[in-house]
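This report describes a structure and how its parts are arranged. The sequence and the model come first, and the description follows.

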Amino acid sequence: MIEATDLTKRFGSTLAVDGLNFTVRPGYVTGFLGPNGAGKSTTMRMILGLDSPTRGSVTVNGKPYGQLRRPLHQIGAVLEVRAMHGGRTAYHHLLCLAQASGIPSRRVNAVLELVGLENVGHKRVGKFSLGMSQRLGLAAALLGDPAILICDEPVNGLDPDGILWIRTLLRNLASEGRAVFVSSHLMSEMALTADHLIVIGQGKLLADASISEVIGSGSRKYVLVRSRDPHRLTSVLTGAGATVNSTSNVDSSTIVEEQTLHVTGMGHDTIGDLAARHGIAVLELTPHNASLEDAYMELTHRFVDFHARADTTQTPASESGI
Amino acid sequence: MAMTVATAGNELHEPQPQTIGFGNVLHSEWTKLRTVRSTYWTAGIALLASIALGALICARTAYNIKHGRQSLDGFDATLASLDGLYIAQVAIGALGVLSISSEYGTGMIRATLATVPQRRAMLAAKLLVFGLATLVAGEIMSFAAFAIGQHLLASAHAGVSLHQAAALRATVGGGLYLTAVGLLGFGMGALVRNTAGALSAFFGTLFALTAVDDLLPTNLRNDIIPYLPANAGSQIITVVHTAGALSPWTGLGVLAMYGVTATVAATLLITRRDV
């Protein structure tokens with residue numbers, strides 16, 4: 001269990017982390033989301049006692065990190081890739097960390113096997129690929145068999161196999177009852193890995209909710225409607241208080257221009273009733289939930305330090321962040 | 001493979017001590033020092049330099065004496081054989097800097113401090129391991145250089161033996177001198193944290209202070225010169241002293257104070273700094 005209370009960190013004139021309150025619970029993968037520069041890594045460094053908060057506090061199992069008796073047995077961390085001396089072998093890298101915590105050396109071999117590095121344990125880590133370094137970082141974090149695991153951007157630079165592997169590993173660790181705290185700026189990845197989300201922007205808490213709650217909070221829900229008579233349907237729906245946007249596209253099979261309506265502010269059943277009452281034939285009626293991506297974009301849009309000016313349309317952007 | 005996490009963890013469930021002991025940290029720091037190649041490279045270079053340079057100087061001196069080109073008046077046979085330590089000190093100091101700055105440079109320091117949040121204990125363990133290793137290696141270099149140098153000088157009947165108290169003190173002192181220089185490197189590494197900056201601070205303190213001193217008025221300069229780190233420290237390996245120099249042990253103490261000061265400053269700061 002990790003608990004942050006009014007956690008604040010100021011670097012000079014910049015508030016990197018601004019009054020965060022959150023809890024990371026055992027048994028769940030908690031995603032820590034935010035644009036680059038939102039304060040995710042700073043928060044994680046404060047959890048580990050590496051940076052000290054300007055104000056507020058964060059505890060691990062009820063204690064500040066510095067007061068943990070054997071921290072490696074309570075919390076494992078993968079903060080940055082290649083936070084290791086390139087001239088040391090993977091085995092020796094893990095061995096010196098294990099020895100500092102009184103962990104027997106056979107556990108080093110066990111975690112090397114666990115992350116699939118048993119055949120390269122005696123290679124220097126400077127020669128490791130990014131994916132192998134990520135695996136070694138995870139091996140170090142698992143040395144003490146901790147009840148809490150925190151990972152900063154663990155899928156960065158991994159190939160699809162590696163991403164699947166990490167995702168499965170994190171989900172399994174959580175299902176064993178551990179608290180797993182994973183940061184990412186990739187909503188799409190979090191949608192697949194996390195149960196719960198903590199979203200921050202410019203150091204401030206934007207959301208602390210389950211995945212479905214975050215999606216539900218997105219205002220970009222709409223109903224897609226195709227009709228033989230889009231113009232009349234539009235006036236009927238607007239008359240009943242809905243907002244209708246139309247997009248034209250040409251059906252390639254019939255070479256007939258048809259209009260697709262995006263209706264917001266009205267449920268799909270009401271739209272169906274209204275169309276029937278006015279005798280308008282409806283070809284398609286599909287409710288669209290905002291995707292997690294959309295909800296995330298909506299939450300963080302104001303807080304992204306630098307973003308390209310794109311032409312905004314009423315249709316939700318779905319390519320960003322991938 | 002992910003399914004085996006719990007099973008792999010089972011072997012940890014045996015009786016274990018409650019807290020991390022200082023012995024654990026020492027063990028870990030010793031592993032760190034002995035598992036990187038730079039340790040062996042610098043130690044090898046230091047050993048080679050200390051023996052080879054001393055041997056070269058002693059062989060040439062023996063030749064000159066035998067051919068009547070040099071008198072034994074004021075000749076410091078001990079110091080001649082230990083001259084190579086002045087080259088070895090560069091490697092030892094650099095190793096001292098790297099033993100800690102490389103952790104900051106690579107980011108390893110975060111893994112280290114996440115494992116051992118007691119930062120001052122970590123620093124103390126690192127210093128103790130590095131200091132003891134340097135002392136042992138330094139004494140080996142010093143005694144080896146003395147033995148080879150005196151063997152070469154003996155052919156011209158110019159050698160001395162360890163039965164002479166001053167020669168023994170200087171030879172034992174050679175290892176202590178290298179340890180004190182290593183301490184200065186370590187202190188600078190811990191204080192500055194960045195490798196390039198710490199190396200500059202180390203070399204600046206050891207050598208460049210002499211140049212700065214030249215800017216001072218003559219009378220003040222003469223008062224200060226004996227206290228500069230290289231001048232003060234070298235008295236411990238000198239048998240024939242020049243006028244105005246510090247005594248051997250005072251000189252060694254003065255050199256050590258430079259390293260102690262840097263290390264104490266780093267110890268005070270380490271709990272206040274973010275890493």
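## Chain A

Chain A contains 11 helices and 13 strands; helices (H or I, at least four residues) and strands (E, at least two) are DSSP runs, numbered from the N terminus. The model is predicted: local features need pLDDT of at least 70, side-chain atom pairs count only at pLDDT 80 or more, and totals for chains, interfaces and linings use all residues. Residues are numbered from 1 along each chain as its sequence is written, while chains are lettered from A and ligands numbered from 1 in the order in which they are written.

Of its 322 residues, 45% are buried (20 or more other C-beta atoms within 10 Å of the residue's own, with C-beta atoms placed from the backbone). Contacts are pairs of residues whose C-beta atoms, placed from the backbone, lie within 7 Å. Among contacts in chain A between residues at least 6 apart in sequence, 71% link residues at least 24 apart.

## Domains

An automatic or database assignment sets the domain bounds. Chain A has domain 1 (2-217) and domain 2 (222-288), and their centres, taken over C-alpha atoms, are 47 Å apart.

## Contact between the chains

Chain A gives 43 residues to the contact and chain B gives 38. On the chain B side, helices H1 (5-9), H2 (22-34), H3 (37-66), H5 (85-106) and H6 (108-115) each supply at least two residues.

## Helix H5 of chain B

H5(B) has 22 residues and spans 30 Å from first C-alpha to last, close to the expected 32 Å (1.5 Å times one less than the number of residues). A kink of about 40 degrees is centred on Ile100(B), the bend being the angle between axes fitted to the seven residues ending there and the seven starting there. Just after H5(B), Gly107(B) has a positive phi of about 95 degrees.

Conventions. Contact = placed C-beta atoms within 7 Å. Buried ≥ 20, exposed ≤ 12 C-beta atoms within 10 Å, placed from the backbone.
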